[in-house]
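User: I am new to this structure and would like to learn how to read its features. Please take me through them step by step.

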Amino acid sequence: MEDLQKNLFGGGECGEEVHESLRLTFHDAIGFSPTKGGGGADGSIIIFNDTELAFHANIGLDKIINKQKPFIARHTLTAGDFVQFAGTLGVSNCPGAPKLKFFLGRPNATAPSPDLLVPEPFDSVTSILSRMGDAGLTPDEVVALLASHSVAASDHIDPTLQGVPFDSTPSTFDTQFFIEVQLRGTLFPGTGGNQGEAESPLKGEMRLQSDHDLARDSRTACAWQSLATNQKKMQSQFADAFLKMGLIGQNQHNMVDCSEVLPTPPSLKPNPHLPAGETMNDIEQACATSPFPSLTAQPGPATSVPPVSS
Ligand code: CA
Ligand code: CA
C-alpha cells in the first residue's frame with residue numbers, strides 16, 4: 001500500500017492516476033453478462049489487455065495499465081484484486097470520499113471479456129440502464145456510481161484536450177458534479193461535435209452526453225437530484241454501489257474482508273454551490289416530483305476550470 005501511495009499516487013494525491021485507476025475498476029468489472037459471458041471484476045482487462053484494449057470503450061486505458069503492471073509483478077495480489085484495490089485506495093485520497101470496503105480473493109481471469117459490454121458516453125439512457133441492469137446494477141446504483149465523475153477528467157472525448165474535468169472540483173469527492181451537470185450547457189471546452197460530448201456550463205469543463213441525459217431522464221433524474229446537495233447520501237450510496245460493482249462475477253462468500261487496511265479519507269466540509277456567474281434559472285429542472293435544492297453562486301465573475309495535470 002505504501003508502494004502504491006508513494007509510487008503510483010504521487011504521495012497520496014487525488015489526481016490523474018486516481019482518476020484513471022477508478023475508471024479501470026469499472027471497465028474491468030462491467031465486462032460481465034449472464035448471457036454474453038465475461039468474468040466481471042477478474043483482472044481480464046490486464047491479463048488479456050491485448051484483446052480488451054482494442055475495444056473502443058477502453059481507449060486510453062493502456063496508460064494506467066502500464067503504470068499498474070509493475071506493482072502487480074512485485075506484489076502478491078491477483079490482477080482482479082489489484083485493479084479493485086488500487087481504485088479503492090486511490091479514491092481514499094480524495095477529500096470527501098466515503099470509507100470504502102475492499103474484499104480480497106478474485107481468481108485470475110481465464111478469458112477476456114466480450115466486446116461491447118462497457119457503456120459508452122454516446123449510448124442512450126435506455127441502452128445504458130439495460131446494459132448495467134444486465135450486469136446486476138439498478139438505475140439508482142448507476143447514478144450513485146457516477147459520483148466517481150466528481151473526481152475525474154477526460155483525456156480522449158475531445159482529442160485536442162487532456163485532463164478536462166467533469167466538475168469544477170476534480171480533486172474533491174463532493175456533490176458539485178451532480179449540480180453542474182444539471183446546469184444548462186452553453187459551450188464546448190474545445191472543439192465541438194465530438195462523439196459522446198454535450199455542451200457544458202463552464203469553460204474548461206467537459207460534459208458527457210450520457211451524464212447530461214441521465215440527469216434529465218425521468219428514470220434517473222430524481223435519484224440524480226437527491227445527491228446534488230446531500231454529501232452523506234452520495235457517500236453511502238457510492239460506497240454500496242462501488243462495492244457491488246467490484247464484486248461482479250465474484251462470490252463474496254469466498255472472499256476476505258480486508259477493508260481495515262484502507263485509510264480513512266480526508267474529511268470535507270460540504271459546500272454545495274453554483275459556480276460563479278450561474279443562477280438557479282440556469283438549472284434545468286428534470287425531477288418531476290420535487291424542486292432542485294436552492295443554491296447560491298460563488299461570488300465574482302465566471303471563471304474557467306483548469307485542466308488536471310498528470
Ligand atoms: Ca473483467
Ligand atoms: Ca468534485
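User: Which helices each supply at least two residues of the lining of the largest cavity?

Analyst: First, the ground rules. This is a predicted model, in which local features need pLDDT of at least 70 and side-chain atom pairs count only at pLDDT 80 or more, while totals for chains, interfaces and linings use all residues. Residues are numbered from 1 along each chain as its sequence is written, chains are lettered from A and ligands numbered from 1 in the order in which they are written, and side-chain values use heavy atoms, with hydrogens and water left out.

Analyst: A cavity is a set of points on a 1 Å grid over the protein atoms alone where a 1.4 Å probe fits but cannot get out, and lining residues have an atom within 4 Å of a point. Helices are DSSP runs of H or I with at least four residues, and strands are runs of E with at least two, numbered from the N terminus. Here the helices you ask about are helix 6 (79-91) and helix 12 (231-246). Helix 12 gives the most, with 3 residues.

User: How many cavities of 30 Å³ or more are found, and how much space lies in the largest?

Analyst: A volume is the space filled by probe spheres set on the grid points, which are joined across faces, edges and corners. The search of the whole structure finds 1 cavity of that size, and about 50 Å³ of space lies in the largest cavity. Its lining includes Gln84, Lys101, Arg106 and Phe242.

User: Which residues coordinate the calcium ion (ligand 1)?

Analyst: Donors are N, O and S atoms within 2.8 Å of the metal (3.2 Å for Na, K and Ca); water is not among the atoms, so sites may look incomplete. The calcium ion (ligand 1) is coordinated by Asp28 (O and OD), Gly40 (O), Asp42 (OD) and Ser44 (OG), at 2.3 to 2.6 Å. Asp28 lies in helix 2 and Gly40 in the loop between helix 2 and helix 3, 12 residues apart. Both Asp28 and Gly40 are buried.

User: What spacing do the donor residues of the calcium ion (ligand 2) have in sequence?

Analyst: Their spacing is S-x16-D-x1-T-x2-T-x1-D. The donor residues include Ser150, Asp167 and Thr172. Thr169 and Asp174 are both buried.

Methods: Buried < 20%, exposed > 50% of the residue type's maximum accessible area, 1.4 Å probe, protein only. 1 Å grid on protein atoms, 1.4 Å probe; cavity = no way out; pocket = protein on both sides within 12 Å on 5 of 7 lines; lining within 4 Å.
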